[in-house]
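Student: I would like to learn how to read the features of a protein model. Could you take me through one, step by step?

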Amino acid sequence: MESTLMGGLQLHLPQLGLRQNLTNSSLHCCTAAPPPNIICGLRKGLRKPLGRSRVPSTEAIQAVQSLKLAKSTSKMEDVINTKLSRLLKADLFDALTELQRQNELELSLQVFKFMQKEEWYEPDIRLYHGMIMMMGKNKMIEMAEKVFHELKKDGLEADTRAFNEMMGAYLQVDMVERAVETYELMKASGCIPDKLTFKILIKNLEKFREEFAVVVKKECNEYLDSPEKFLNDVEQKLTTKGRIL
């Protein structure tokens, strides 16, 4: 799969003592506020579809089952034409979320692409959140970058959660420098780091680059309310996890 990395942007990271060459200009995004109750690719579980809490309909479940049973291109096309095309918008979102929950990567991509072609489709960044998270979970970094890049093509701008998901994806494969670069780009774009941002970075940077973790911890004071309590909670959880391991 071809990489989507393009351009030749120079990025200076004085806070972390880094000067890196970034090749993915698509990571330059905007100030959109993060949606509530966000979940990163490094965390267990999946978000509820577009903020709704509902049990998937019978039709959505049947569509998911039919997709999983389609073992050929012709059968897949038949399911898309006879099952997906008849689903209500809400049921289609439920089907996609259920496929993501089951970690059905290829089928999720099929449904995602199908949704984008529907007449009612309006770009929704939360769809991209889920897809980037899934790519990161499966360590498909180039695909995650491609989905991130397509945000702008779809007329969207990355928000805090989108950056969080990309950081999580990079850290799944120990690409620490790329995760740190993404963090700096988040701030440069005007997106505000949140608790999840710092939790992801602290949890992983302490394992690989302790000097980065120290700087990130200091920046909690700038972006978070009650930073001391937050850091204590994170440290306690990390300590407890270490004892269990």
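Tutor: Gladly; let us begin with helix axes, which are lines fitted to C-alpha atoms, for helices over the stretch in contact, with angles running from 0 to 180 degrees between N-to-C directions. Helices (H or I, at least four residues) and strands (E, at least two) are DSSP runs, numbered from the N terminus. This is a predicted model, where local features need pLDDT of at least 70, side-chain atom pairs count only at pLDDT 80 or more, and totals for chains, interfaces and linings use all residues. Residues are numbered from 1 along each chain as its sequence is written, and side-chain values use heavy atoms, with hydrogens and water left out.

Student: Which elements does the protein contain, and in what pattern along the sequence?

Tutor: The protein has eleven helices and two strands. Along the sequence they run β-β-α-α-α-α-α-α-α-α-α-α-α.

Student: At what angle do the axes of α6 and α7 cross?

Tutor: The axes of α6 and helix α7 (residues 160-172) cross at roughly 165° and come within 10 Å. Angles under 35 degrees count as roughly parallel, over 145 as roughly antiparallel, 65 to 115 as roughly perpendicular and the rest as oblique. The two helices, α6 and α7, are therefore roughly antiparallel.

Student: Is the crossing of α6 and α7 left-handed or right-handed?

Tutor: A crossing is left-handed if the near helix is turned anticlockwise from the far one by less than a right angle, and right-handed if clockwise. Here α6 passes α7 in a left-handed crossing.

Student: Which residues of α6 and α7 meet?

Tutor: Contact means heavy atoms within 4.5 Å. From α6 come I141, A144, E145, F148 and L151, and they meet A162, F163, M166, A169 and Y170 of α7. By class, this contact of α6 with α7 has nine nonpolar, no polar and one charged residues. For the classes, Ala, Val, Leu, Ile, Met, Phe, Trp, Tyr, Cys and Pro count as nonpolar, Asp, Glu, Lys and Arg as charged, and the others, Gly among them, as polar.

Student: Let us turn to charges. How many salt bridges does the structure hold?

Tutor: Side chains of opposite charge can pair when their charged atoms come close. A salt bridge is a side-chain nitrogen of Lys or Arg within 4 Å of a carboxyl oxygen of Asp or Glu. The structure holds ten salt bridges. One of them joins R178 and E145, at 3.7 Å from N to O. That pair links distant parts of the chain, since R178 sits in helix α8 (residues 176-189) and E145 in helix α6 (residues 141-153), 33 residues apart.

Student: Are R178 and E145 buried or exposed?

Tutor: Buried means under 20% relative accessible area, exposed over 50%, and partly exposed in between (1.4 Å probe, protein chains only). R178 is buried at 12%, and E145 is buried at 3%. E145, R178 and E181 are linked in a network of salt bridges.

Student: What about E98 and R101?

Tutor: E98 forms a salt bridge with R101, and their closest N and O atoms are 2.6 Å apart. These residues are three apart in helix α3 (residues 89-101), so about one helical turn separates them. E98 counts as buried at 12% relative accessibility, while R101 is exposed at 52%.

Student: Where is the pair K229 and D233?

Tutor: Both lie in helix α11 (residues 227-244), four residues apart, so about one helical turn separates them. K229 is exposed at 55%, and D233 is partly exposed at 31%.

Student: How should I read backbone angles?

Tutor: Most residues other than glycine have a negative phi, and most peptide bonds are trans. In this model K139 has a positive phi near 60°, and K139 is in the loop between α5 (125-137) and α6. S226 has a positive phi of about 50° and is not a glycine; S226 lies in the loop between α10 (210-223) and α11.

Student: Which residues does T197 touch?

Tutor: T197 is in helix α9 (residues 195-208) and counts as buried at 0% relative accessibility. Not counting residues up to four places away in sequence, T197 touches T160, N164, M167, Y183 and M186. N204 also lies in helix α9 and is buried at 4%.

Student: And the protein as a whole?

Tutor: Buried residues make up 49% of the 245 residues.
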